[in-house]
Amino acid sequence: AGITYSFGAGGGDIFLVKTDENGNLQWAKTYGGTGDDWAIFVQQTSDGGYIVAGYTDSFGAGVWDAFLIKTDANGNVEWAKTYGGTNYDIAYSVQQTSDGGYIVAGYTYSFGAGGWDAFLIKTDSNGNVQWAKTYGGVYDDGNFVVQQTSDGEYITAGWTYSFGAGGYDIFLVRTDANGNVQWAKTYGGAGDDWAYSVQQTSDGGYILAGITYSFGAGGGDIFLVKTDENGNL
């Protein structure tokens with residue numbers, strides 16, 4: 001999943017490419033309008049189709065809107081939805097949930113406490129919003145990834161400038177099934193630190209991968225953080 005300026009309706013279009021196990025093209029599809037449309041994440045769904053997350057300035061309520069597209073196994077659109085307000089809203093990842101719906105992580109400039117805020121959206125199987133929550137402070141905060149936990153709740157990771165030790169810090173938020181915060185933690189130093197991925201581990205804790213400018217050999221270093229089930233380092 002990505003973006004193409006070679007094909008499609010105009011500007012940049014979402015580009016979905018399916019290959020066989022040897023990388024040979026089986027099909028390629030574009031989605032979008034006359035503006036720019038980006039895909040950042042794709043996952044195969046339980047029915048063999050695909051769910052694509054990204055953002056669009058062709059459709060929706062504002063400058064950029066979070067964009068979710070559900071396709072069948074051949075890339076044909078089953079539904080497409082936008083989420084957001086009058087400003088900027090971006091979806092960075094999506095996961096199908098145990099109830100057949102979807103959980104979407106990203107960030108929003110339309111809603112929240114100030115600046116960019118981390119953004120979680122829970123939808124039903126047809127992309128209809130069940131709830132949407134923002135997380136953050138008066139400065140910039142965002143989510144790159146979300147995962148449903150073994151108990152049906154959510155863990156989401158990204159970055160914060162509102163909280164932490166300095167600069168940007170890794171931001172890890174554990175919510176209940178309705179997106180209400182159970183705890184939130186930051187990790188990092190005086191420089192900038194981000195998490196791009198989180199996964200629950202077999203011991204019930206979490207593993208985060210990202211980049212740090214606070215620690216390491218110099219410049220940006222790969223940053224791996226392991227926590228217990230309560231987010232303690």
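# Burial, salt bridges and strand pairing

Q: Why is Arg174 called buried?
A: Arg174 has a relative accessible area of 7%, and buried means under 20% (exposed is over 50%, partly exposed in between; 1.4 Å probe, protein chains only). Arg174 therefore counts as buried. The model is predicted: local features need pLDDT of at least 70, side-chain atom pairs count only at pLDDT 80 or more, and totals for chains, interfaces and linings use all residues. Residues are numbered from 1 along each chain as its sequence is written, and side-chain values use heavy atoms, leaving out hydrogens and water.

Q: What makes Arg174 and Asp151 a salt bridge?
A: Their closest N and O atoms are 2.9 Å apart; the term requires a side-chain nitrogen of Lys or Arg within 4 Å of a carboxyl oxygen of Asp or Glu. The pair links distant parts of the chain, with Arg174 in strand E14 and Asp151 in the loop between strands E12 and E13, 23 residues apart. Strands are DSSP runs of at least two residues, helices (H or I) of at least four, numbered from the N terminus. At 48% relative accessible area, Asp151 is partly exposed.

Q: Why is strand E10 described as largely enclosed?
A: Seven of the seven residues of E10 (residues 117–123) are buried, so the rest of the structure largely encloses this strand.

Q: What makes Lys122 and Asp99 a link between separate parts of the sequence?
A: The two side chains meet in a salt bridge of 3.0 Å, N to O. Lys122 lies in E10 and Asp99 in the loop between E8 and E9, so the pair ties together parts 23 residues apart in sequence. Lys122 is buried at 4% relative accessibility, whereas Asp99 is exposed at 51%.

Q: Which side chain makes a polar contact with Asp37?
A: Thr56 does, at 2.4 Å; the limit is 3.5 Å between N or O atoms, one able to donate a hydrogen and the other to accept it, and sequence-adjacent residues count only through side-chain atoms. Asp37 lies in strand E4.
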